[in-house]
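I'd like to walk you through a structure, so let's get the picture up on the screen.

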Amino acid sequence: MLKFVSVLLGLQPAWILVVLLNSSVNAAKLIGRAILNADTFAPGLTTGLFKKTNRTTPFVNAQPVQGFSGAIAASRKGTYLVISDNGFGAKANSPDYVLRLYAVEPDFTTGRVFPINIQTGERLQSFNRQSFIELNDRNRKVNFPIVADLTFYPNSTNSVSKVIKENRLLTGGDFDIESFRQINDGTYWMGDEFGPFLLHLGKDGELLDAPVPLPLFLKNDKLNFIKSPDHPDLANLADDEARVTAAILPGSKGFEGLALNSSGTKLYAMLEGALVQEPQKKRLLIYEFDLTSKQYSGKTFSYLMEDSSHAIGELTAINDREFIVIERDNTQGDPNKPAFKTPAQFKRLYKINITKMNKEGFLEKELLVDLLKIRDPKGIGGQDTVNGVFAFPFVTIETVLPVDDRTLLVVNDNNYADTRGRNPKQIDNTEFILIKLDR
């Protein structure tokens, strides 16, 4: 066989190279791509007061729309509701970033992403106040101090915006929303990383219940609930080291995935990282939450990552039993481009079934898509397609959504303006891609 391949390589080097490349590519095919420019802003408060970036800050009377950490279908076909996360990547640098839910329409004909009116679905020329709702605690449901309760932003002499205080707007200094779903009554549930908490919000973004903490279903002497270093209960400890020591979950490892089963009866919330005391660091836990009682059922499921350095980006339901997980490494850059010296190596979509476990008790995994090896026979990816292969090489890929039984929408979080997965000299845009599966 090796001799045969050598002969072919000698006769048709360019042709056989393409064949060999595509032979290792899974059957997923790129059928659409739309891009939202990284430097896209929406009107709002002056933001970025505490963000160090290669952009000029603060952003006066504006808020970067950012990359997105979750998406659901909106009322009009082909339109979506999306959330950006806490803003600038950390609790300390995001207290002036107001948490929002945007409405968008990726146009796969023009390759652009348009804002739309969140109520009517009408396409807008730019992001304005018709294109989003802001999350708030006007019902005073949060049972711990939030930024709106403060006179000054934390560790700062800058006064908290009157708009935040008067409207009790929720900010990236309060929660880090990484996933969300809309249930049958039109309200939303969101997964937060700081607690971790589950948040229940109304149609206008108002918090309806107190943040729901995550019970510790294992024996532990220190805590009754799972808490990250950013949990409000740990805020008064001496310093970051003390908070890390007291926490049972590493920082930024809370609810990255949140799925709603097709019956609309249960949520499945998935941690991004392993618990501190977990001996098997590749084990991630999924928690079942009953929507009728608004309580965790106590049932958990174990997902085994391929490597302990990996993380998950999303958990999405196909039906009541089957789900899609984004599993990724923490690197960036297209492996098909020589400009990246240490490119991404692992960006994958897996299908799991919560009724099927292996003998070790972990959910069985089936590879759906290798996001670094997507076929692009029509050249939709343009210069980002190399030898017929399109890669989605971003460090954080946080949205996957079934569009129909063979098509998936995948979106990256561009971490404005800190990551460069597409071009090492250019900050990442937000990309919406459609992938067609072979089955």
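Let's start at Arg328, which lies in strand E18, residues 322-328. Keep in mind that this is a predicted model. So, is Arg328 buried or exposed? It has a relative accessible area of 2%, and the cut-off for buried is under 20%, so Arg328 is buried. And what does its side chain make a polar contact with? That would be the side chain of Glu272, at 3.0 Å. Leaving out residues up to four places away in sequence, Arg328 also touches His310, Ala311, Ile312, Phe346, Lys347, Val395, Thr396 and Ile397, besides Glu272 itself.

A word on confidence. The mean pLDDT of the protein is 93, with 93% of residues at 70 or more. Over residues 1-25, though, pLDDT is below 50, and that stretch has 15 contacts in the model beyond near neighbours in sequence.

Now the greasy bits. The largest nonpolar core has 31 residues, and among those with the most contacts inside it are Leu81, Phe180, Met190 and Leu199. Strands E5, E6, E9, E10 and E11 each give two or more residues to this core, and E11 gives the most, with 3. Take Leu199: setting aside neighbours within four places in sequence, its contacts include Phe175, Tyr188, Met190 and Pro211. There's also a second, separate core of 21 residues, which includes Ile183, Trp189, Leu198 and Leu216.

On to the aromatics. The count comes to 22 aromatic pairs. In one of them, the rings of Phe68 and Phe432 have centres 6.1 Å apart and planes at 65°, and edge-to-face means over 60 degrees, so this pair is edge-to-face. Phe68 is in the loop between strands E3 and E4 and Phe432 is in strand E26, so the pair ties together parts 364 residues apart in sequence. Both Phe68 and Phe432 are buried.

Another pair is Phe180 with Tyr188: centres 6.3 Å apart, planes at 40°, so that one is tilted. Phe180 counts as buried at 1% relative accessibility, and Tyr188 is buried too, at 7%. There's also an aromatic cluster made up of Phe41, Phe59, Phe88, Tyr97 and Tyr416.

Last stop, charges over rings. The charged end of Lys91 sits over the ring of Phe194, 5.2 Å from its centre. Arg100 lies over the face of Phe132, at 3.8 Å from the ring centre.

Methods: Residues numbered from 1 in each chain as written. Predicted model: local features only at pLDDT ≥ 70, side-chain atom pairs only at ≥ 80, totals over all residues. Heavy atoms only, no water. pLDDT = per-residue confidence, 0-100. Contact = heavy atoms within 4.5 Å. Core = buried A, V, L, I, M, F, W, Y, C linked by side-chain atoms within 4.5 Å. Buried < 20%, exposed > 50% of the residue type's maximum accessible area, 1.4 Å probe, protein only. Helix = DSSP H or I, 4+ residues; strand = E, 2+ residues; numbered from the N terminus. Polar contact = N/O pair within 3.5 Å; in protein donor to acceptor, adjacent residues only side chain to side chain. Phe/Tyr/Trp six-rings, centres within 6.5 Å; stacked < 30°, edge-to-face > 60°. Lys NZ or Arg CZ within 6 Å of the ring centre and 35° of its normal.
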